[in-house]
Amino acid sequence: MSTMVNFEKCSESESSRLNALKSLLEKIKLPFKVADNVGIKLHWGEIGNKNFLHPMYAREIVKWLKKNGLHPFIFDTTVLYSGGRRNGNESLKTAAKHGFTEDYLDCTVRIGDGLDGKNVIDLPAGFKHFDTVQAGNVVQEADGFVIFSHFKGHMEAAFGGAIKNISMGFASRAQKQRMHADAKPTLNEKSCIKCGECVEVCPTGAASIEGFNFPIYDLVRCIGCAQCIAMCPEAALQIIWNTDIKIFQEKLVETAAAVWKLINKKSVVINALIDIVAECDCLPGNHRKISEDKGFIGTYHPIVADEESIKLIGENSINQAHPHIPWQRQFDYAREIGF
Ligand code: SF4
Ligand code: SF4
């Protein structure tokens, strides 16, 4: 694992952030060949999310790659739940709505697993949870990658940065499902206002509500996508883990490790430690800040990027936002499996 880390700090102003990113990019040595097609993996934000990274940062990365004779494109993959990214066409509309247009970025905007989510590949893994891992075919279509991640909190992983961007971010919908399968909802009736939002967003019909009764959840039909939990306006739903919560952390790491085996020699990893909020860019809303802006980290390994990010914002910020999640398992397990 290369431990080389560059860091450029910034304040909360737009110009300070952009200058920090520009300075960071100047310091990064590119592991690409001239004319390579380089995929910039990022998250353009779920519909209604207010904290996703502004496209000006992606545009800066595009400019930098082009200046170095490369052919960049940006991409994300389709997701499990309803919202604005469930299939490729919807997701591209969401990207455009959030300013990630080809005109603005000066590069192609793609869906890594195809518009129908079926352009996927099975990668060898050989780990205890996954013998193979299914990812968007972009993993073998591009010559190289810039893993550009917004570092912030996450309701199942405690934090979301480079590991999660490579894991959930490259995973096919089926692989996302395999990782999430254990997170099912349980209702606290005292908090529920019977609004029906959980039923609206449930992609499988597992959540239902009749008349003025409380909603019910068919845990056999439930695929554990946690969308109802995320969207409940009263925080009346919590995750019941069918298995040890550590298993989700391990599955997340296994998926990232399998993808990383294929791309590790041709990837740059950049974490943006700005707008550091408690929840993921997958969730609508303007989420609570858990740390002030720190800056941008550039390195060549996702584990290094995320460990350095946590050092910068302090473990307490993560622990206070998500007190019961054993996120440290991600790092321990990564070492155990030689990630
Ligand atoms: S979204 Fe939340 S508050 Fe609304 S019905 Fe479902 S559990 Fe109750
Ligand atoms: S009930 Fe299950 S499938 Fe439906 S939204 Fe909730 S977690 Fe997803």
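Predicted model: local features only at pLDDT ≥ 70, side-chain atom pairs only at ≥ 80, totals over all residues.
Begin at the boundary between domain 1 and domain 2, where one residue pair is in polar contact, both residues having pLDDT of 80 or more. By class, the side of domain 1 that touches domain 2 consists of six nonpolar, two polar and two charged residues.

To display the two parts separately, select residues 5-177 together with 246-336 as domain 1, and residues 183-241 as domain 2. Their C-alpha centres are 28 Å apart. Next, show the residues that meet at the boundary: ten from domain 1 are in contact with twelve from domain 2. The two domains bury about 920 Å² between them, and carbon and sulfur atoms account for 66% of that area. No salt bridge is found across this interface; the count is zero.

Now select ligand 1 and the residues around it. The shell holds 14 residues, and the closest are Cys192, Cys195, Gly196, Cys198 and Cys232. Sorted by class, the shell contains ten nonpolar residues, one polar residue and three charged residues.

Finally, turn to the charged pairs. Side chains of opposite charge can pair when their charged atoms come close. The model has 18 salt bridges in total. For one of them, select Arg17 and Asp293, whose closest N and O atoms are 2.8 Å apart.

Note on methods. Residues numbered from 1 in each chain as written. Chains lettered and ligands numbered in written order. Heavy atoms only, no water. Domains from an automatic or database assignment. Contact = heavy atoms within 4.5 Å. Buried area = accessible area lost by both parts, 1.4 Å probe. Salt bridge = Lys/Arg side-chain N within 4 Å of Asp/Glu carboxyl O. Polar contact = N/O pair within 3.5 Å; in protein donor to acceptor, adjacent residues only side chain to side chain. Nonpolar A, V, L, I, M, F, W, Y, C, P; charged D, E, K, R; others polar. Near = heavy atom within 4 Å.
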